[in-house]
Amino acid sequence: MSISRVISRVAPAVATSTARLLRSGPVSRLAFAPASNPPLLPAPPHPLGLRFSSKMADSAPSRRLRNPVIFVCDLQDKFRAAISHFDKILLTTQKVLRAAQILEIPVMVTTQNQAKLGPVVAELQPLLKDAAVQSDKTLFSMLTPEIVSHELFSSSSSSSSSSSPQRREVAIVGIESHICVTQTALDLLARGHAVYVLADGVSSCNDAETPIALARLRAAGAVVTTSESWIYEVMGDAGIAAFRDVARLVKETAGDTREALKRSFSDA
């Protein structure tokens, strides 16, 4: 049978059925609308607990790291002659502390047995006058009672209903990589904080100790990165108010950063 003959037989029946449907009452336009895509269901929870917003483009610029803290470990004058590339570590620390002033990041600083080894070096003191904590210690770890009990790290400061303190993103600079820096990082990780060890801001007496320490800390869960990378990660968005001042600081210190990084990677 030809196609035209089939159509001629079927068409009257379709027309009759349509007429009956129309006579039976009002018909929604949707009855004759082509099938549309089903409504989108909410996305399943992200396995890491991350949340994504469909209004990201409309929201105000915000920082990537919400709870950053800077730890400055034992940068005392007595160590100046003993620590490898001490001058480069100071330049990195000065840059990080200047960024902390712009971004209003709290700073915690320690000295090791100050009575015998003296105060923090003079170059850093103007940048540390507003430090949240200045703690002298005999511990190798920076987690002294003064720091642990501070509102930034004590459980009483947590806004959640749990007794656990709020998780912080701690960047560490100072000495020595394989002793005080390592033990500080391990203690922070054990308490659930995010740890960033700034490779251009840490050192030891023996150059060979530093890459070994950094490898160990990376394996333990710390992020080994650079000062500039961490500063930009704190910001997360060029739209924040402080971006221009920080970018200017990074540009001003680019030469110092380059030299510190040469030292870091030549030791690795």
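Predicted model: local features only at pLDDT ≥ 70, side-chain atom pairs only at ≥ 80, totals over all residues.

Leaving aside residues up to four places away in sequence, its contacts are Thr 93, Leu 97, Val 107, Met 108, Val 109, Thr 110, Leu 128, Met 142 and Val 173. A second, separate core of 24 residues has Ile 147, Ile 172, Val 195 and Ala 199 among its members.

Val 72 itself belongs to the largest nonpolar core, which has 38 residues; together with Trp 230, Val 72 has the most contacts inside that core. Two or more residues of the core come from each of strand E1 (68-73), helix H2 (86-103), strand E2 (107-112), helix H4 (125-128), strand E4 (169-175), strand E5 (194-203), helix H8 (227-235) and helix H9 (243-252). Helix H2 supplies the largest share, 8 residues. In soluble globular proteins, nonpolar side chains tend to be buried together.

**Helix pairs**

| Helix pair | Angle between axes | Distance between axes |
|---|---|---|
| H8 and H9 | about 175° | 11 Å |
| H2 and H9 | roughly 170° | within 10 Å |
| H6 (177-190) and H7 (209-220) | about 5° | 10 Å |

The pair H8 and H9 packs at an angle of about 175°, so H8 is roughly antiparallel to H9. On the H8 side the contact involves Glu 228, Ile 231, Tyr 232 and Met 235, which meet Phe 243, Val 246, Ala 247 and Val 250 of H9. By class, this contact has 7 nonpolar residues, no polar ones and 1 charged residue.

Helix H9 also packs against H2, where the axes cross at roughly 170°; H2 is therefore roughly antiparallel to H9. Here Lys 95, Arg 98, Ala 99, Ile 102 and Leu 103 of H2 meet Asp 245, Val 246, Leu 249 and Glu 252 of H9. The contact of H2 with H9 has 5 nonpolar, no polar and 4 charged residues. Val 246 is listed in the contact with H8 and again in the contact with H2.

For H6 and H7 the angle is about 5°, which means that H6 runs roughly parallel to H7. From H6, the contact is made by Ser 177, His 178, Val 181, Thr 182, Ala 185, Leu 186 and Leu 189, and from H7 by Glu 209, Thr 210, Ala 213, Arg 216, Leu 217 and Ala 220. These residues divide into 7 nonpolar, 4 polar and 2 charged.

**Salt bridges**

How many salt bridges does the model contain? The count comes to 8.

One of them joins the side chains of Glu 123 and Arg 80, with an N to O distance of 3.0 Å. Glu 123 lies in the loop between helix H3 (114-117) and H4, whereas Arg 80 lies in the loop between E1 and H2, so this pair ties together parts that are 43 residues apart in sequence. Glu 123 is partly exposed, at 32% relative accessibility, and Arg 80 is also partly exposed, with a relative accessible area of 32%. Both residues belong to a network of salt bridges that links Asp 77, Arg 80 and Glu 123.

The C-alpha atoms of Leu 91 and Glu 123 are separated by 9.3 Å, although the two residues are 32 residues apart along the chain. Leu 91 counts as partly exposed, at 30% relative accessibility.

Glu 259 is partly exposed, with a relative accessible area of 37%.

Definitions and conventions
Residues numbered from 1 in each chain as written. Heavy atoms only, no water. Core = buried A, V, L, I, M, F, W, Y, C linked by side-chain atoms within 4.5 Å. Buried < 20%, exposed > 50% of the residue type's maximum accessible area, 1.4 Å probe, protein only. Helix = DSSP H or I, 4+ residues; strand = E, 2+ residues; numbered from the N terminus. Contact = heavy atoms within 4.5 Å. Axes fitted to C-alpha atoms, helices over the stretch in contact; angles between N-to-C directions. Parallel < 35°, antiparallel > 145°, perpendicular 65-115°, else oblique. Nonpolar A, V, L, I, M, F, W, Y, C, P; charged D, E, K, R; others polar. Salt bridge = Lys/Arg side-chain N within 4 Å of Asp/Glu carboxyl O.
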